[in-house]
Amino acid sequence: MITLKHVYKQFDISKKRHIKALNDVSLTIQDNTIHGIIGLSGAGKSTLIRTLNQLETHDEGEISVFGYQDIKRLNKESTRMLRRRMGMIFQSFNLLESKTVLNNILFPIRVQRKLHQADYQKAYDIINDVGLKGYASSYPHQLSGGQKQRVGIARALINDPEILLCDEPTSALDPLTTKQILALIKRLKHKHHLTVVLVTHDMHVIKAVCDEVTVMHEGMPVESGTIDNILFNPTHPITKELVQLIGFNMHDVAKKINKPGLVMSLKFPKHLTGESLISTCINKLDVEINILFANVTPNTEGIMLINVNGSEQNQVKPYLEKQGVVIKDA
Amino acid sequence: MHDFDMYFKAFNETVYMTLISTIITFVFGLVLGVLLYVTSAKGLKPNKQVYAFLSAITSIGRSIPFLILIVLLLPFTRFIIGTILGPSAALPALIIGAIPFYARLVELALLEKGKTLSETGVSFGATNTTIITRIMIPESKASLIRGITVTSIAIVGYTSIAGAIGAGGLGNLAYLYGYARNRQDVTIIATLLIIALILLIQLIGDLIVKRFTPN
């Protein structure tokens, strides 16, 4: 578990101008989840992920990882040990251009000690695992962007880290390659029981892989929750705009609707997605139901916006709630 | 035949001065350049005072005209080499003149990919020494070699100036025979030999860069 308590970080641009990159950040990242951090440019998300392995040291507050109370207070040697338990991948891949794929991947071991035969075996296994079979002796400039990031991922995993930090891992990639890389991260997370922290400005990325999301705005986390809850019930204006970008624009639709009756948002938990609750509801009660919006979350929960009209319109909510549907007035 | 011997000797002296100075400049320029990079604001261990000091030395070293540098260094040269005449006596001035020049090129080369590479190393848990010796320098090989090639060519130019005041070599030949005795042909041949030497250095530099660049 990674916990941040009241973390502050300020950058001094000049003597008079300062930027509060992190402005009282408190956050918990659960083990074995993919935790997305999203925000606009300058929201502090990159600074946040970089404090987790102390590429940036925070000014105030505590960051606890692996049971250390505050990683800022570790000595140099312990900080290096901490970093070896976390892998990191970057937006621009940051491969060593003068080294082959194999040597790039082995490099984190090589900076610590002499290589053994077993290290090579392990590197080849990882190369196969990330889908780079046959590329061990290629140089980075011979690879495509997606392949470069696969090398980055393999290199991050060579030390068997418990945490994988991803700083905009797909921002330099096309949408299709992005999808493949994200699928790879997701698969490796399950295989190696990783805790993944992923920073992005792209809501599609969040929707594709993240279990939990934190929305950052002006150095502060303004909203946190499971991806399904964020999609169903975004509260902060920034979050509302972000979820709109990926087709969850029911708040907009709800605002524009100008019809008699009730408007409500529904969320159908997984076990209900096979039931025909809306039609049974219409059959049982004297109401008309107009579906204004419907979509499915990454965890296959259904989200719907409906307009209810009729003499028994007020009974719709209790009826559906009894079946297990989550309802929010829109 | 006498002429050939004369050119041969002068050429050898120029090559000797250039080669020795280039090798020593490479070593010390690299060290100074790495220190400049490490202590610079974007370096691994920014240190304003140390950087300001090193940077001042480097800038001053680069801004003294070479001819004046030779004269300034005369007592030092006499102390180290034992004489102020001949190719060896030119070495201290050549080296001290070239080190700051190369050091700046090293600093620039390292800064080019500096932040991303050093951060990558830090994220692996590498020490600063490892980051410099195993990441920064190997990854900047091509720029570092191009830099020493340019420096070496500049050194050839310096040797001619040194030659004019008694260091020997092609510059000395062009000045003593060509200018003082008004033999235009000597000047032209000396010039052609200098051009040939510079082209050769450039060629060697390019070949080494090519060897070190993966393809």
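**A tour of chains A and B**

Select Glu62(A) and Arg73(A): the two form a salt bridge, with their closest N and O atoms 3.4 Å apart. Glu62(A) sits in strand S4 (residues 60–64) of chain A, while Arg73(A) sits in the loop between S4 and helix H2 (76–84) of chain A, so the pair ties together parts that are 11 residues apart in sequence. Keep in mind that this is a predicted model. Over all chains, a search of the whole structure finds 16 salt bridges.

**Stop two: a sheet in chain A**

Stay in chain A. Select S10, S11, S12 and S13. These four strands make an open sheet in the order S11-S12-S10-S13, with antiparallel pairing. Look at the edges next. Strand S11 (288–296) and strand S13 (326–329) of chain A each pair on one side only.

Zoom in on strand S10 (residues 262–268) of chain A. Four bridges join S10 to S13(A), and the two run antiparallel. Pick Lys267(A) for one detail. Its bridge partner in S13(A) is Val326(A).

H12 lies across S10, strand S12 (302–309) and S13 of chain A. Against S13(A), the helix runs at about 150°.

**Stop three: where chain B meets chain A**

Show both chains and colour them separately. How many residues does each chain bring to the contact? Chain B gives 18 residues and chain A gives 24 residues. Between them, the chains bury about 1,900 Å², with 59% of that area on carbon and sulfur atoms.

Next, look for charge pairing. Side chains of opposite charge can pair when their charged atoms come close. Across the interface of chain B and chain A there is one salt bridge. Select Glu119(B) and Arg50(A) to see side chains meeting in a salt bridge, at 2.6 Å from N to O.

Then select helix H5 (87–124) and helix H6 (128–139) of chain B. Each supplies at least two residues of the side of chain B that touches chain A. The largest share of that side, seven residues, comes from H5(B).

Finish by colouring the touching side of chain B by residue class. Its residues divide into seven nonpolar, seven polar and four charged.

Key. Residues numbered from 1 in each chain as written. Chains lettered and ligands numbered in written order. Predicted model: local features only at pLDDT ≥ 70, side-chain atom pairs only at ≥ 80, totals over all residues. Heavy atoms only, no water. Pairing = 2+ DSSP bridges. Contact = heavy atoms within 4.5 Å. Axes fitted to C-alpha atoms, helices over the stretch in contact; angles between N-to-C directions. Buried area = accessible area lost by both parts, 1.4 Å probe. Salt bridge = Lys/Arg side-chain N within 4 Å of Asp/Glu carboxyl O. Nonpolar A, V, L, I, M, F, W, Y, C, P; charged D, E, K, R; others polar.
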